[in-house]
Amino acid sequence: MSMTVQPQSDRPDPTVIAAQNDAFRKLACLGVPPAQPIQGRMHVTRSLMEAGDGFMAEAVKATGEFDVFEPENDPEGWHDFGSVTVRGETVFWKIDLYEADSDFRYGAETPDNPTTTTRVLTIMLARDW
């Protein structure tokens with residue numbers, strides 16, 4: 001008798017992570033509720049807050065609407081980084097994934113599990129990088 005064993009991947013599913021990251025970003029930036037609860041927070045840098053004249057609101061909205069993911073800007077397929085242009089200024093956004101009960105000290109062990117992963121979305125001016 002022969003048996004075929006399918007290899008088990010230790011790697012999380014990037015399409016699941018991408019969908020969760022997109023849902024969290026749309027919740028944080030646009031107020032669109034996700035299909036399932038997703039834990040996280042959004043931070044903006046001081047220079048983005050100090051840009052004035054509604055610039056921060058435009059940057060947050062543009063971040064939430066971003067949907068141009070290609071191998072060059074999303075090599076792992078996680079939808080965890082992007083760049084938008086607001087009034088001629090480049091704005092970066094980044095989602096980091098942490099273990100939910102680690103006080104943001106440890107990366108998520110199972111980043112495709114929304115119950116054990118907390119997301120942190122940071123939005124900043126590119127010149128802050």
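A polar contact is a pair of N or O atoms within 3.5 Å, where within protein one atom must be able to donate a hydrogen and the other to accept it, and where residues adjacent in sequence count only if both atoms are side-chain atoms. The model on your screen is predicted, so local features need pLDDT of at least 70 and side-chain atom pairs count only at pLDDT 80 or more, while totals for chains, interfaces and linings use all residues. Residues are numbered from 1 along each chain as its sequence is written, and side-chain values use heavy atoms, with hydrogens and water left out.

Select Gln 20 to begin, which you will find in helix H1 (helices are DSSP runs of H or I with at least four residues, strands are runs of E with at least two, and both are numbered from the N terminus). Gln 20 counts as buried because its relative accessibility is 5% (buried means under 20% relative accessible area, exposed over 50%, and partly exposed in between, with a 1.4 Å probe and protein chains only). Now show the side chain of Arg 119, with which the side chain of Gln 20 makes a polar contact at 2.9 Å.

Next, select Phe 55, Val 86, Val 91, Trp 93, Leu 121 and Ile 123, which touch the most other members of the largest nonpolar core, a group of 22 residues (such a core is a set of buried Ala, Val, Leu, Ile, Met, Phe, Trp, Tyr and Cys residues joined through side-chain atoms within 4.5 Å). Helix H1 (14-30), helix H3 (55-65) and strands S2 (81-86), S3 (89-99) and S4 (117-125) each supply at least two residues of this core.

Finally, move to Asp 67, in the loop between H3 and S2, which is exposed because its relative accessible area is 60%.
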